[in-house]
Amino acid sequence: MKIPYLLPMRCLLLAISVFFASKWWTSVAIVCNLVTIAVLFFYSRKDYKSLLNYQKGKTNAPKAIITVIITLAVGMGGLYLAGLICYGEFPYLDETLVEPIPLWLAIIVLLFLPATTTLAEDGLYLGYGINAAESDNIVYAFAAAFFYALQHSFIPFLPDGIFMLYRFLSFLPLTTLICLLYRKSKNPLPFMISHFILNVATAVQILIMTVLF
């Protein structure tokens with residue numbers, strides 16, 4: 001049984017780097033993604049697919065579609081529920097994530113943020129935290145889900161306890177669901193698809209806000 005010591009890695013990377021560039025969190029996130037991918041690439045001995053337990057042809061299309069719909073619904077529900085808990089508003093819309101940035105950067109974010117975030121986060125929390133741990137102990141899934149949600153407290157980083165709690169609670173239901181389902185199926189593809197869609201939606205919103213404002 002392997003203890004997943006690297007689980008807090010992204011929390012530390014994001015907390016340190018975004019602290020110095022909170023308004024440029026997307027750029028910092030891409031850099032942190034690349035660092036995470038590099039670490040996992042060497043940890044897995046250049047076998048990233050095996051780290052995630054990706055197997056071609058394993059995914060059942062109808063089940064994958066259902067999984068994607070459920071995870072997207074839980075993701076949106078978590079955002080709204082956390083807003084209600086922390087700010088007493090429903091729906092609460094956090095505009096700090098989609099603030100305008102230079103157009104050239106918004107285009108880079110659209111091209112690179114969704115894919116790198118999906119590979120980095122799912123590789124770390126699903127692949128390394130659950131699959132590579134070589135244990136069926138459910139504690140590992142909850143540990144991965146906890147750090148998976150906690151990292152979002154630092155993107156963007158604001159020295160505001162309520163905001164950080166809001167960010168954590170926004171993602172905890174989704175990360176818990178993803179980690180528990182992955183622990184059972186060991187098939188990362190449906191979760192990576194839904195994760196990629198959510199990341200694309202964020203990048204597109206940033207681009208729209210940049211063009212309009």
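Predicted model: local features only at pLDDT ≥ 70, side-chain atom pairs only at ≥ 80, totals over all residues.
User: Is Thr 210 buried or exposed?

Analyst: A residue is called buried when its relative accessible area is under 20%. Thr 210 has 12% relative accessibility, so Thr 210 counts as buried.

User: Turning to pockets, what is the volume of the largest pocket, and which residues are the closest to its centre?

Analyst: The volume of the largest pocket is about 790 Å³. Its lining consists of 35 residues, and Leu 79, Leu 97, Arg 167, Phe 171 and Thr 202 are the closest to the centre.

User: Which elements give two or more residues to that lining, and how does the lining divide by class?

Analyst: Two or more residues come from each of α2 (25–43), α4 (61–87), α5 (103–131), α7 (161–185) and α8 (189–212). By class, 18 lining residues of the largest pocket are nonpolar, 12 are polar and five are charged.

User: How should I read the second largest pocket: how much space lies in it, and which residues line it closest to its centre?

Analyst: The second largest pocket holds about 280 Å³ of space. It is lined by 14 residues, with Lys 63, Thr 67, Ser 185, Pro 190 and Phe 191 closest to its centre. Elements α4, α7 and α8 each give two or more residues to this lining.

User: Which element gives the most to the lining of the second largest pocket?

Analyst: Helix α4 does, with five residues. The classes in that lining are six nonpolar, five polar and three charged residues.

Technical notes. Residues numbered from 1 in each chain as written. Heavy atoms only, no water. 1 Å grid on protein atoms, 1.4 Å probe; cavity = no way out; pocket = protein on both sides within 12 Å on 5 of 7 lines; lining within 4 Å. Points joined across faces, edges and corners; volume = space filled by probe spheres on them. Helix = DSSP H or I, 4+ residues; strand = E, 2+ residues; numbered from the N terminus. Nonpolar A, V, L, I, M, F, W, Y, C, P; charged D, E, K, R; others polar. Buried < 20%, exposed > 50% of the residue type's maximum accessible area, 1.4 Å probe, protein only.
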